[in-house]
Every structure is written in structure tokens, then in C-alpha cells.
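Please read the points below alongside the coordinates.

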Amino acid sequence: MRLCDWFAGIDLNGRDLIAAIGSSQGDEAPRVHGSRSFAVGSDLARERAFREIGEWLRLESGGNIRAVAFTIPGNAYRAVTSSSECRFSDATVVDEEMVEMVRREALANAGFEGPVLCSAARGFMCDGRTFPEAPLGLTVRSLSTDMLNWVADPDTVRWLTGLLDDIGVRPGLIVPRIVALAEAVLTSTERDRGAVALCVSDDFTEVVVYRHGLLDDLFVVPLGKARLDAKLAAACGISLDLVQRIDLVRMLECTDTDPIVHRVRTIVSAWSQSLIRSVRERLEAAGPIWQLQSGIVIADSARALPLLKETVSRVFGTPSRIAAMETAPSGVLGGEPLAARGLIPLQWRFQAEPGDLLAPPIVDDPDYGAGERDERRGIGPVIGRWLREFVPADHAP
């Protein structure tokens with residue numbers, strides 16, 4: 001009988017450091033037991049919070065936590081294109097093994113930029129002909145692929161893995177924060193039908209797009225709540241601290257005809273339209289909007305942003321909803337634990353084979369790249385079984 005598997009995730013959402021823990025028995029889907037949140041304002045406070053989280057994880061799991069997943073915020077990763085080509089001396093029939101080979105070569109090429117978090121195919125080429133999907137069964141003499149990869153900032157990953165080492169746990173799964181949020185708020189049916197999840201942070205907005213059940217695009221809009229707060233402070237003649245304490249939802253729901261309330265409503269509406277129109281422009285450039293039949297899900301901090309859901313529905317003309325936990329889970333001290341909790345099923349679904357742990361994404365190896373590429377070493381792709389969903393072999397928009 002296989003023992004219980006424990007999973008843990010840590011999410012850095014800017015102001016808080018949030019951890020979640022869960023377990024799975026046999027082949028059963030994991031159950032999240034609880035979350036803890038710590039407010040941090042400095043690197044010293046963050047290091048102290050990591051130590052406290054380490055003690056909590058060991059206590060909750062009985063010391064059975066092997067590796068901890070963590071999220072990377074939108075300002076700590078970037079998009080990198082890569083390609084790979086294989087030529088054959090004789091005409092060869094394209095099969096899944098060949099597609100996997102060129103795909104992994106393209107990943108290795110992107111991995112020299114930093115740890116690869118996730119990728120999406122952008123088309124295939126065989127003997128000068130282009131294909132949106134892998135041309136399985138076609139007889140060719142060459143096969144190449146173009147990929148769009150999202151690569152983490154090596155310094156950020158190195159710093160985070162160092163903190164995990166300090167608390168005695170091993171770094172495992174690394175994903176963009178919005179991907180972990182999407183795991184928590186989107187169902188598999190919604191992803192199959194096409195869906196978008198977005199999260200508004202203080203300085204930017206992260207967006208992830210799923211088409212046909214697979215991750216298709218990931219981007220960051222440089223427009224966050226901080227800009228809205230600054231506009232409100234200037235328009236109302238009050239401090240930023242006071243603006244951040246205002247209950248905007250309650251203010252905009254009132255029927256007061258006060259000119260200040262009208263001014264606030266105008267600014268919030270204009271900010272929401274600017275954000276959502278920027279998102280729509282990027283989505284239209286990637287593929288038809290009608291493919292996103294499940295609409296748009298607004299996650300995390302969206303509950304404090306009035307008019308955003310209405311703006312999404314008006315600009316896109318598609319369904320929209322705000323994803324939030326119905327009740328606070330046991331152990332939550334503050335903050336929104338959706339992303340941390342989303343890491344639990346991600347780890348379970350893409351966990352390595354028994355006895356085969358995910359390797360740390362960074363090791364000190366000055367000779368890396370001088371010889372044969374090893375996808376488990378250096379600042380190369382963070383590759384494990386979990387990566388397969390984010391690196392579709394036969395999908396393009």
C-alpha cells in the first residue's frame with residue numbers, strides 16, 4: 001500500500017507570503033488541508049516568514065514534505081522565442097517521438113535564457129511547408145518547430161530556492177502565478193472550451209489564455225491598481241494611504257449624487273476600460289475571441305475592484321465572473337490563498353515517478369553548456385512531467 005503523498009505550495013503575491021498544504025492517498029485527487037498567510041514588508045521579514053512556514057509544513061505533514069512548489073510573479077518572467085530543426089538523410093514519417101525530440105531541443109535552446117516555466121507551440125515546418133499542428137504521419141526530410149516560452153528571472157529563482165534550502169525543503173514545481181490561479185479557478189471543461197483568467201496586482205495585470213484545453217498564451221499588461229489609486233488620490237485631493245482604505249465597492253454602489261462620488265465612478269470606469277481593452281487587443285492578435293467560449297474569470301484581488309466584471313462583459317461580450325473562495329479555509333490569517341492552493345493539484349498531476357524528484361532549477365556548474373545538453377542541469381528548462389501540459393506538442397493558435 002502506498003503511503004500518503006504530501007504537497008505544499010508557496011505564493012508571493014506582493015504584500016503577503018501564503019503557503020498551502022495538501023495530501024493525496026494513492027491515486028485520489030489531493031485534498032487541501034489549509035493555508036497560512038504572512039504579511040511581509042522587507043527581505044528580512046520574508047526570510048523570517050519562510051522559516052515559520054517551514055516549521056508549519058513540517059508540523060502539518062509530520063516531516064514528510066519532500067519538495068515545495070512556488071509561484072513566480074509577472075514581473076519576474078519574460079517571453080522568449082526558440083526554435084529547433086531536425087534533418088533526415090532519408091524520407092521519414094513524422095511520429096510523436098520526432099515531435100517530442102524537436103520540441104525538447106527548442107526548450108533546451110530557450111533554457112539558456114533562464115528556467116523555462118511553460119511554453120506553447122507556435123507552428124511546425126516540414127520541407128518548406130508550414131503547419132499549425134504537428135503533421136503526424138507525413139513523410140518528410142526535415143522537421144522544425146517554433147515555440148514561445150516564458151522564462152523566469154534566474155536571480156529571482158536563485159534567491160527563492162536559497163530561502164527554501166534554508167528551511168530544509170527542496171524546490172520543486174515553479175509556475176507563473178497566474179497559472180496557479182487558473183488551476184484554482186478554472187475547471188477542465190472551461191479550459192477545453194477556451195477560457196481566460198486574469199489577476200490584477202498593484203503594478204500590473206497577469207493574463208493566461210487556454211484554447212482547446214492547453215495553455216496558449218501568457219502575458220502581462222503594465223497596468224495595475226497602483227495607477228488607479230494614484231489617479232483617485234490626485235482627483236480627490238487625498239493621500240494614497242486614505243485611498244487604499246476606501247471601500248470603493250460600497251462607494252460606487254451608493255446612490256449619492258455627491259460630485260466626489262461621481263468623479264470616483266468616472267475614474268474607476270475609465271481605468272477598467274483601458275485595462276480590458278488592452279487585454280482584448282492582445283487576445284485578438286493571438287486568435288479568434290469566439291474560441292474563448294467559457295469567457296473570462298477575474299481572480300484574486302478582483303473583489304476589491306468595482307466595475308471590472310461589468311467592463312469585461314461589455315468589452316468582450318462574453319461571460320465573465322469573479323472567482324473567490326466562498327469561505328475562508330481553516331488556518332488562513334489573511335490574504336487570498338487561491339494561487340497557493342492551486343499549486344497543490346498542479347503538483348499532484350505532474351509529480352515525478354516514485355523516487356524521481358524534480359531537480360532544483362539552478363546549480364552552480366561553470367561547465368554547463370560546454371558539452372552535451374542536460375535538461376536537468378544548469379539554468380536550463382525546469383523540466384518534469386508537469387511541463388507536458390504547458391508545452392503542447394501538437395497545438396498552435
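1. Two strands are taken to pair if DSSP finds at least two bridges between them, and the elements themselves are DSSP runs numbered from the N terminus, with helices being H or I of at least four residues and strands E of at least two. The model is a predicted one, in which local features need pLDDT of at least 70 and side-chain atom pairs count only at pLDDT 80 or more, while totals for chains, interfaces and linings use all residues. Residues are numbered from 1 along each chain as its sequence is written, and side-chain values use heavy atoms, with hydrogens and water left out.

2. Strand S5 and strand S8 (residues 139-152) run antiparallel and are joined by 13 bridges; glutamate 85 stands opposite serine 144 in S8. They belong to an open sheet of 4 strands in the order S5-S8-S6-S7, with antiparallel pairing. Its edges are S5 (77-93) and S7, each of which pairs on one side only.

3. On this sheet packs helix H2 (residues 96-111), which touches S5, S6 and S8 and whose direction makes about 145° with that of S5. Here contact means heavy atoms within 4.5 Å, and axes are lines fitted to C-alpha atoms, for helices over the stretch in contact, with angles running from 0 to 180 degrees between N-to-C directions.

4. The buried residues of H9, among them Val264, Trp271 and Leu283, pack against strand S10 (195-200), S11, S12 and helices H6 (225-236), H8 (248-253) and H10 (308-316). Buried means under 20% relative accessible area, exposed over 50%, and partly exposed in between (1.4 Å probe, protein chains only).

5. Aspartate 127, which is not a glycine, has a positive phi of about 50°; it is placed in the loop between S6 (116-126) and S7 (129-131) and is partly exposed, at 39% relative accessible area. Histidine 212, likewise not a glycine, has a positive phi of about 55°, lies in the loop between S11 (205-211) and S12 (214-221), and counts as exposed at 54% relative accessibility. Most residues other than glycine have a negative phi.
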